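Colleague: Hi! Could you show me how to read a structure like this one?

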Amino acid sequence: MKIKLLAIAALGAFATACASTPPADDTTPVEPPRSVEPADTGSNQPAGPVPGTPEHFVQAAGDRVFFDLDRNDLTAEGRETLRRQAAWLASYPDARILIAGNCDERGTREYNLALGARRANAARSYLVSQGVDPSRISTTSYGKERPSCTQSGERCWAINRNATTSIVGSSYTN
C-alpha cells in the first residue's frame, strides 16, 4: 500500500513539474525593454557633487594613493592620482588639504607612525612638484591607528597602506 501511495505522489510531482515547463516551440516574441527616461523633478540641481566641495574632490581626483609593504615610494598609479589632485587644486586655489599617512596593523606603533609620516610627505612632495603651493598642504601620520579595513589579511592590509588627502579648508568647507 505504501508503495502505491509513493508511486502516486511521485507521478503527481512529475506531472506538476512538466506542466510548469513552457512548450519548446513557443514562438511568442519577447519585447525588448523600453528605455525609461528619468522623471523631470523640476529641480535645477546638478547631478553629482557640487564643484569645489570635498565630495567633488574625491569624485574628480581621488582621495588616496596606495603603497607597497614597508614602502613609501609612489607607484605609477599613485602619481597619476596625485596629478589629478594637483589639477583639481589648481582649479580651486582657496582649498587647503591634509594628507594623512596610514599603515597596516603589522609592525610597532612607533614604526608605523614614522612610515605613515614618510608616506604623507612623499605625496606632499609630489603635489609640490606639480605646482601646488606648500603652504596649502598639511601632513600627519596615523600609523596603524585609523584603518579603513578592520579585518586581518593581505587584502585589508593593502587597503590600509595609503596616504589619504582631505579638503580641510575652502570656501565650501568653512
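Modeller: Happy to; we will look at a helix, then a core, then the cysteines. Keep in mind that this is a predicted model.

Colleague: Which residues of H3 are buried?

Modeller: Start with a general idea. An α-helix has 3.6 residues a turn, so residues three or four places apart point the same way. In H3, the buried residues are Gly78, Thr81, Leu82, Gln85, Ala86, Trp88 and Leu89. Seen down the helix axis, they fall within an arc of 165°, so they line one face of H3. On the other side of H3, Ala76, Glu77 and Ala90 are exposed.

Colleague: What covers the buried residues of H3?

Modeller: The cover includes H2, strand S1 (64-66), S2, H4 and S4.

Colleague: And how many residues does the largest nonpolar core have?

Modeller: There are 21 residues in that core, and those with the most contacts inside it are Leu74, Leu82, Trp88, Ile97, Ile99 and Leu127. At least two core residues come from each of H2 (54-61), H3 (76-91), S2 (96-102), H4 (109-129) and S4 (162-169). H4 gives the most, with five residues. Leaving out residues up to four places away in sequence, Ile97 touches several others, including Leu89, Leu127, Ile137 and Val168.

Colleague: Which cysteines does a disulfide join?

Modeller: Look for two sulfur atoms within 2.5 Å. Here a disulfide joins Cys149 to Cys156, with an S to S distance of 1.7 Å. The count comes to one disulfide, and both Cys149 and Cys156 are buried.

Colleague: Why does Cys103 count as buried?

Modeller: Buried means under 20% relative accessible area. Cys103 has 3% relative accessibility, so it counts as buried.

Key
Residues numbered from 1 in each chain as written. Predicted model: local features only at pLDDT ≥ 70, side-chain atom pairs only at ≥ 80, totals over all residues. Heavy atoms only, no water. Core = buried A, V, L, I, M, F, W, Y, C linked by side-chain atoms within 4.5 Å. Buried < 20%, exposed > 50% of the residue type's maximum accessible area, 1.4 Å probe, protein only. Helix = DSSP H or I, 4+ residues; strand = E, 2+ residues; numbered from the N terminus. Contact = heavy atoms within 4.5 Å. Arc of directions from axis to C-beta.
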